[in-house]
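Biologist: Could you take me through this model and tell me what stands behind each label you use?

Modeller: Gladly, let's look at it together.

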Amino acid sequence: MNHCIGDGTSFWKFFNTWSEIFQAQGHGYDHDVPISRQPFHNRWFPEGYGPLINLPFKHQDEFVSRFKAPELRERIFHFTAESIAKLKAKANREYNTNKISSFQSLSAHVWRSITRARRLTNDRKTSCMVAVNNRPRMKPPLPEEYFGTSVDTVSAEATVGELLENDLGWVAWKVHVAVTKHDELEIRKSVEKWLETPVILDLDRHYDPLSGVAMISSPRFNMYGNEFGMGKAVAVLCGYANKCDGNVTIYEGHEGGGSMDLEISLSSNVMIELELDDNFMNAVSLTNMSGTSRGHS
């Protein structure tokens, strides 16, 4: 499913509904299975725009880019709910606040750790890009069942020196500010800017894989609640499409309860450094780790 058609929320709502239909068929329903949460198909556009949008391209080469899979080492790191709670408490204590979330604390921990493993110069700029759901930020909010792409990315930025010289709380607050300031006004400004000068996302042009970290997907998605007659899934994995150095795909942990699995893609030498980093690995559960290498076949 292309990301132009739907985002992660839509993707998992589709699978949740499909699973609901399957399970209902085993309880007396053959046709017309009732769906508890109907998809919402009405399109949202800013006033004065849509539904048709003219793209300012004269040739497909201006917006079509073929994905070239880089040589990466991929590992899945498991974080228990208890470990994440400790990171959250540490970040809030260090910044003297109670506003930093579990996800923001973990993102900061990963951002610092990957940056440290890369051994970049202190003056190098680095960023942590986070995917955010626009639905609840709109006024009035879009339904959670809104089927389409209503997602954005926000970035926290700092130099390598700032990132490593300051504590976890300082870095987590950077992520917190980037997320919380993304409100309806920012969303409308961003959408209207895009409508005036449309661009097609290209990782090679819009993301620096040598110094950035991209946190995508969400632990809030119901991934393990789907049932198709084979029992609970053993694991959730994704393919190599759109993977890049510094890509971190987040899943809910198999046991639930606030645990998370992070599928991290890095160049081989950086991954080795990350796994040798005691500060990073002390928060990881070693009983739920797996890894592989991905690249050109």
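Modeller: A salt bridge here is a side-chain nitrogen of Lys or Arg within 4 Å of a carboxyl oxygen of Asp or Glu. By this rule the count comes to 11 salt bridges. Please keep in mind that this is a predicted model, where local features need pLDDT of at least 70 and side-chain atom pairs count only at pLDDT 80 or more, while totals for chains, interfaces and linings use all residues. Residues are numbered from 1 along each chain as its sequence is written, and side-chain values use heavy atoms, with hydrogens and water left out.

Biologist: What makes Glu-275 and Arg-75 a salt bridge?

Modeller: Their side chains meet at 2.8 Å, N to O, and the cut-off is 4 Å, so the pair qualifies. Glu-275 sits in helix H8 and Arg-75 in strand S1, 200 residues apart, so to speak linking distant parts of the chain. Helices (H or I, at least four residues) and strands (E, at least two) are DSSP runs, numbered from the N terminus.

Biologist: Why is Glu-275 called partly exposed?

Modeller: Buried means under 20% relative accessible area, exposed over 50%, and partly exposed in between (1.4 Å probe, protein chains only). Glu-275 has 26%, so it counts as partly exposed. Arg-75, with 22%, is partly exposed too.

Biologist: And how do you know that Ser-285 is buried?

Modeller: Its relative accessibility is 13%, and buried means under 20%. Ser-285 is found in strand S7 and touches His-78 and Thr-80, leaving aside residues up to four places away in sequence. Contact means heavy atoms within 4.5 Å.

Biologist: What ties Arg-118 to Asp-245?

Modeller: A salt bridge of 3.2 Å, N to O, between their side chains. Arg-118 lies in helix H3 and Asp-245 in the loop between strand S4 and strand S5, so the pair ties together parts that are 127 residues apart in sequence. Both residues are buried.

Biologist: Why do you say that the buried residues of H6 line one face?

Modeller: Those residues are Glu-184, Ile-187 and Leu-195. Seen down the axis of H6, they fall within an arc of 65°, so they line one face of the helix. The arc is that of the directions from the helix axis to the C-beta atoms. The face turned away from the buried side carries the exposed residues Leu-185, Lys-193 and Glu-196.
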